[in-house]
Amino acid sequence: MASTQRKSSADTTQRKLNTFFAQNIFFVFLLTICTVLFCLLSDLRYRQLGHQQMELHNFYRNLETLHSQLTAYAARGDDTILKAKETSLSCLKDSAKVLADIPVDAVYQRDMADTALMLDRYSAALDQVLSSLRPDRRNHSYYEADSIYSAINAGFRSLNFQILEHTNRKMETFQKTQRHFITLITLFLAFMIGADVIYSIRLSHSIVDPITELTTSIQGLYLTHVEDYREVSLFCASNQEMNILVSVFNSMIKTIQGQMEKIRENADIAIKLHQKEVENLQIANLLRTSQLKALQMQINPHFLFNTLNMISQTAYVEDAEQTSLLLDSTAALLRYALDSAAREVPLSKEMENLGIYVSLLEHRFGGRIRFTFDLDETFHSITVPALILQPLVENAITHGVGMYLKGGQVTIRTQYDAERGLGIISILDNGAGIEPEDLEHVRREMKESSHPEQKLGLSNVYARLRIFFHNTADMEITSIPNVETEVSIFLPWKIP
Amino acid sequence: MKKTFNGLIMLFSVFFWIFFSTILGFDSDNTENISYDHRFTFISPFANAGYWGSIAKGMTVADQTFGANTKFIGFLESDADSMGQAIQAEILSCPDGLITAGSSHPPVVNALKDAANAGIPVVLIDNDNRDTDRLCYIGADNYEMGRLAGKIMTEGARQPLRAAVIIGSSSSENQQQRLKGFEDQLTLHPDCGVEAVLEANYSLLTIREMLPSLLCDHPAINAIFCAEGYSSIITGEILDAMGPEYSHIRVVASGHTAEILDHIASGRYHCTITQDCEIMGQLAVEILKNYKNGVPPKQDAIYLENICISRENLDNAAPYESEGVTWHLPNGNLLQTPHSEN
């Protein structure tokens with residue numbers, strides 16, 4: 001963790017800028033030191049070269065002074081030399097030593113060695129002159145000293161020339177070095193300026209580019225919905241601050257998107273609740289209407305029911321069994337209608353009731369209409385609103401085969417479509433059928449009726465099924481004029 | 001960032017390495033004081049890049065071999081007085097040995113005697129003089145050289161052979177010896193002899209002025225023996241300038257400068273007689289060094305082989321080489337001799 005922090009702190013803009021400035025200052029400082037050092041060394045070498053020249057001249061000037069003092073001593077007995085001799089000789093020998101150490105070349109070295117040896121001989125001759133008595137001052141030793149002086153003096157030109165050559169060589173070397181140094185410094189400066197420019201551009205890009213990218217991304221918010229907005233990702237290398245900024249921005253956008261999603265979900269729930277309430281109200285309304293109708297019907301049906309029972313018993317007493325059976329069926333039909341009108345029943349129960357109804361109709365129509373049951377009881381346990389099939393069979397008789405004197409056919413069929421998870425109930429008749437224009441009208445009436453509760457036919461059945469099965473059930477009418485008409489109910493059911 | 005910093009550090013390191021190399025290169029001296037055991041001085045009659053320069057070159061080689069230092073003093077014009085003075089001046093600096101060309105001139109002889117008196121051993125080269133208390137002589141057997149020249153001259157030459165001899169100086173013993181040897185050789189042939197002797201005093205100008213006159217005055221001359229270097233260089237040029245009627249003159253030269261070798265190559269000269277000068281210089285230094293180390297020379301005269309260079313063996317001959325020799329001139333100037341001369 002600590003290392004991560006350390007690493008990330010290394011990427012901060014401030015750190016980059018500090019490093020950049022520190023490097024530049026360091027570089028300028030070092031270059032300054034180099035230049036000063038070079039100048040100091042140059043100055044030192046200049047002085048050394050000048051000093052060598054001066055040393056040679058001093059040597060010969062001192063020698064000339066000493067010899068002129070010796071000549072004065074020999075000629076006039078001037079004793080200045082007696083006081084200055086030791087100092088002068090010491091200076092001359094020191095100078096000779098310094099000059100001998102100048103590394104000119106082997107020729108110079110040899111000449112200086114000869115000069116130093118001659119100086120020693122001159123010194124010895126000088127001592128002999130000074131130690132001799134006055135009348136003998138201009139003796140052999142003096143002439144020997146004079147000869148040595150002349151010989152040393154003759155070497156001045158050569159030595160001077162060699163030191164000058166040496167100085168010249170050194171100066172040439174120095175000038176070459178100066179050129180190299182200037183070239184080196186220039187190249188290095190050019191390189192560093194180039195590197196600085198490149199580094200500055202990269203640094204500015206690392207600061208500006210993420211900001212530009214972020215700004216562009218933020219501008220995108222005006223053009224797209226928040227929920228469609230994708231999080232910002234920086235393609236360019238960025239520093240730590242920008243990464244944090246982008247991360248916070250993305251986090252903020254995510255929060256907004258999350259809140260928007262919650263609001264939308266809440267709104268959907270509220271809409272569904274409202275729809276549910278409306279449905280509930282419709283159901284309640286239908287129930288109330290049904291109950292009212294049922295109550296209205298309860299007086300007469302109960303009277304009729306009791307009456308039918310009394311007639312049935314009478315018919316039985318009078319051996320009219322057929323009549324008695326019909327009356328029992330009618331009574332059962334009425335009882336089912338009264339007990340189940342506002343309730344839900346299994347489909348099997350509804351089929352049973354339909355069977356009673358059909359038996360009455362067979363009696364009524366005799367051989368004119370034949371009723372056929374083709375049942376698949378797989379899904380007959382499904383709960384359905386009561387009295388949804390009887391109106392459909394009634395419609396098939398009324399609008400279909402009721403007018404036939406013979407050959408009327410009504411088929412009640414159930415089948416389960418496992419693939420689609422649907423239980424299908426079909427009422428099929430071979431009546432006159434419905435013209436296409438009328439069929440459309442019937443379909444529209446069925447599905448778009450504003451007050452289905454006021455109707456007892458297709459619209460009522462359709463509305464009850466839709467409400468009961470929460471709009472998942474459906475009903476279809478198909479008809480071929482003069483051939484057949486089929487009403488199908490599709491109920492959602494899956495095998496448990 | 002770290003990589004960049006490391007790169008900069010490396011860059012700085014390279015920069016400083018170059019910088020300090022430059023500075024130190026500037027500050028350091030290429031020339032070091034070389035220690036040596038013996039100081040010798042070679043006083044040459046001529047400061048040139050030819051014969052004498054080649055001898056000096058041999059001495060520099062010997063210096064490196066034997067740990068000695070030899071100083072070269074030479075003259076642009078041969079002058080016995082100046083030679084004598086130079087020797088005297090050198091005696092004052094007490095060298096460990098002197099090398100010079102022998103001479104019969106009193107200033108030189110006296111100076112050499114003074115040197116011997118001062119305990120400075122003297123080796124003579126090129127020209128011997130036994131009156132100088134010299135330690136040893138190294139050089140050609142000049143008499144034999146003269147004889148060889150005569151022998152070569154007469155071999156296959158048209159008879160009678162009438163020769164002119166150009167010498168440097170009649171007072172120079174080596175010149176006398178060469179002339180004598182030459183004359184003695186010619187006397188072996190009855191029809192041959194020396195028609196004239198031209199003393200050129202080692203001066204190109206003198207030779208240029210006097211040789212044509214000599215040839216005109218002595219039309220019988222059909223051979224020239226150049227007993228010294230200067231005439232050997234210029235005689236071919238003069239004969240070419242004088243026209244084809246002098247093309248029959250047979251020339252035997254001395255030394256092996258580039259000009260002489262060119263004349264041999266062109267057929268102008270018949271041959272040249274020379275010695276290995278570098279060996280002469282090397283032997284001189286070696287003898288002095290041995291002497292200073294207590295080993296005296298086994299012989300008081302070492303004669304070098306006389307080599308005859310003609311067109312047949314010209315490919316094996318190379319001109320004098322004297323690179324790196326620095327002459328001290330009497331006026332205090334220095335003369336470096338990179339180019340070949342006499």
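What follows is a short tour, starting with confidence and ending with the place where the chains meet.

Keep in mind that this is a predicted model. It scores ipTM 0.78 and pTM 0.60. For chain B, the mean pLDDT is 87, with 92% of its residues at 70 or more.

**The sheet in chain B**

- Chain B has an open sheet made of six strands, and its pairing is mixed.
- Reading across the sheet, the strand order is 7-6-8-9-10-12.
- Strand 7 (193–199) and strand 12 (307–310) of chain B each have a single partner strand, so they stand at the edges with one side lacking a neighbour in the sheet.
- Going from one strand to the next, the twist averages 20°.
- Over at strand 12 of chain B, the pairing is with strand 10 (residues 271–274) of chain B: the two run antiparallel and are joined by four bridges.
- If you want one pair to look up, B:C271 has B:S310 in strand 12 of chain B as its bridge partner.

**Helices lying across the sheet**

- Helix 6 (residues 173–187) of chain B lies across strand 6 (162–167), strand 7 and strand 8 (223–226) of chain B.
- Helix 6 of chain B runs at about 170° to strand 6 of chain B.
- Helix 7 (residues 204–217) of chain B lies across strand 6 and strand 7 of chain B, at about 155° to strand 7.

**A closer look at helix 6 of chain B**

**Where chain A meets chain B**

- On the chain A side, 37 residues are in contact with 29 residues of chain B.
- Helix 2 (13–76), helix 4 (106–131) and helix 5 (140–223) of chain A are the elements that give two or more residues to this side.
- Helix 5 of chain A provides the largest share, 16 residues.
- By type, the chain A residues that touch chain B split into 21 nonpolar, nine polar and seven charged.

How values were computed: Residues numbered from 1 in each chain as written. Chains lettered and ligands numbered in written order. Predicted model: local features only at pLDDT ≥ 70, side-chain atom pairs only at ≥ 80, totals over all residues. Pairing = 2+ DSSP bridges. Axes fitted to C-alpha atoms, helices over the stretch in contact; angles between N-to-C directions. Contact = placed C-beta atoms within 7 Å. Nonpolar A, V, L, I, M, F, W, Y, C, P; charged D, E, K, R; others polar. pLDDT = per-residue confidence, 0-100.
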